[in-house]
There are 2 protein chains.
Amino acid sequence: MVRHPLAPEQIEAGRRLGAALRSARAGRSPVEVALAAEISPETLRKIETGRLPTPAFGTIVRLSEVLGVPLPELAIIWRSDPALSEAS
Amino acid sequence: MVRHPLAPEQIEAGRRLGAALRSARAGRSPVEVALAAEISPETLRKIETGRLPTPAFGTIVRLSEVLGVPLPELAIIWRSDPALSEAS
DNA sequence: TCACCCCCTGGTATAAATATACCTGTCGGT
DNA sequence: ACCGACAGGTATATTTATACCAGGGGGTGA
């Protein structure tokens, strides 16, 4: 295999990331945020809904700036595997 | 067009990011770091040389953890456009 | 009620890029 | 002579990023 399909954990991580970004957008217009982050509104929506689970680094950097969410916080959300905290 | 080709600035950003990651790896073995970050050694080398200019968010997150480089620092490196500081 | 308008969902489609693997070769050490 | 790190080429399945579509709800105004 030349490129592994995304693992279920990564898809889950993408869902958490997207949900966090959407809640961070709060009341702001989706098009306004997307254009400010220099991505298309379609792409922003797919990221928020988790249909693009692993966006490019630069895309997340721009979104974190536009939305005012610290990058480490997004990293924690992305890494946090619910199965781990469950197995305490 | 369905997806824009990478802009020259993004390729430059990828070069800076890769160079920073390589210098952060310092003396460590490339395979050791790659496996710790759960990516293939080939991929790590391509990121370090800038041939993968915009890696996935999770890939950079794992590398920043393994190498001990703070994520915001990588973001700054990625964003810093030399043309901007030149135009002071 | 009806007509808009905006946000949102989920489907299809497609060029460009990632992530992986293999290969040939160079350069320093040992 | 060998080995590990490195560069760069080719190849390919999977994914991103973009765009379009048909439609569902929730307002608001005529």
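Of the 23 residues that lie around DNA strand C, those that come nearest are B:Val2, B:Ser40, B:Thr43, B:Pro55 and B:Ala56, a residue being near a strand if its C-beta atom, placed from the backbone, lies within 6 Å of it. The model is a predicted one, in which local features need pLDDT of at least 70 and side-chain atom pairs count only at pLDDT 80 or more, while totals for chains, interfaces and linings use all residues. Residues are numbered from 1 along each chain as its sequence is written, and chains are lettered from A and ligands numbered from 1 in the order in which they are written.

The surface near DNA strand C draws at least two residues from each of helix 2 (30-36) and helix 3 of chain A and helix 3 of chain B, where helices (H or I, at least four residues) and strands (E, at least two) are DSSP runs numbered from the N terminus. Helix 3 of chain B gives the most to this surface, with three residues. By class, the surface near DNA strand C comprises 11 nonpolar, seven polar and five charged residues; here Ala, Val, Leu, Ile, Met, Phe, Trp, Tyr, Cys and Pro count as nonpolar, Asp, Glu, Lys and Arg as charged, and the others, Gly among them, as polar.

DNA strand D is surrounded by 24 residues, of which A:Val2, A:Arg3, A:Thr43, A:Pro55 and A:Ala56 are the closest. Two or more residues of the surface near DNA strand D come from each of helix 3 (41-49) of chain A, helix 2 (30-36) of chain B and helix 3 (41-49) of chain B. This surface consists of 11 nonpolar, seven polar and six charged residues.

Chain A contains six helices and zero strands, so that its elements, read from the N terminus on, run α-α-α-α-α-α. Of the 88 residues of chain A, 30% count as buried, a residue being buried if 20 or more other C-beta atoms lie within 10 Å of its own, exposed if 12 or fewer, and partly exposed in between, with C-beta atoms placed from the backbone. Among the contacts in chain A with a separation of 6 or more, 68% join residues 24 or more positions apart, two residues being in contact if their C-beta atoms, placed from the backbone, lie within 7 Å.

Within chain A, helix 1 and helix 5 pack at an angle of about 140°, their axes 8 Å apart; axes are lines fitted to C-alpha atoms, for helices over the stretch in contact, and angles run from 0 to 180 degrees between N-to-C directions. Helix 1 contributes A:Ala13, A:Arg16, A:Leu17 and A:Ala20 to this contact, and helix 5 contributes A:Leu74, A:Ile77 and A:Trp78. The residues of the contact comprise six nonpolar, no polar and one charged. In chain B, helix 1 (residues 8-25) and helix 5 (residues 71-79) likewise pack at an angle of about 140° with their axes 8 Å apart. The residues that make this contact are B:Ala13, B:Arg16, B:Leu17 and B:Ala20 of helix 1 and B:Leu74, B:Ile77 and B:Trp78 of helix 5.

The contact between the two chains takes 14 residues from chain A and 14 residues from chain B. On the side of chain A that touches chain B, helix 1 (8-25), helix 4 (57-67) and helix 5 (71-79) of chain A each supply at least two residues, and helix 5 gives the most, with five residues. This side of chain A has 10 nonpolar, three polar and one charged residues. A:Ala75, which is placed in helix 5 of chain A, counts as buried because it has 23 C-beta neighbours inside 10 Å. Leaving aside neighbours within four places in sequence, A:Ala75 is in contact with B:Val61 and B:Leu71.

The buried residues of helix 4 of chain A are A:Phe57, A:Gly58, A:Ile60, A:Val61, A:Leu63, A:Ser64 and A:Val66. Their cover includes helix 1, helix 2 and helix 5 of chain A, together with helix 1, helix 4 (57-67) and helix 5 of chain B. Helix 4 of chain A is followed by A:Gly68, whose phi is positive, near 75°.

The largest nonpolar core has 38 residues, and those with the most contacts inside it are A:Phe57, A:Trp78, B:Phe57 and B:Trp78; such a core is a set of buried Ala, Val, Leu, Ile, Met, Phe, Trp, Tyr and Cys residues joined through C-beta atoms within 7 Å. Apart from neighbours within four places in sequence, B:Trp78 is in contact with A:Phe57, A:Gly58, A:Val61, B:Ala13, B:Arg16 and B:Leu17.
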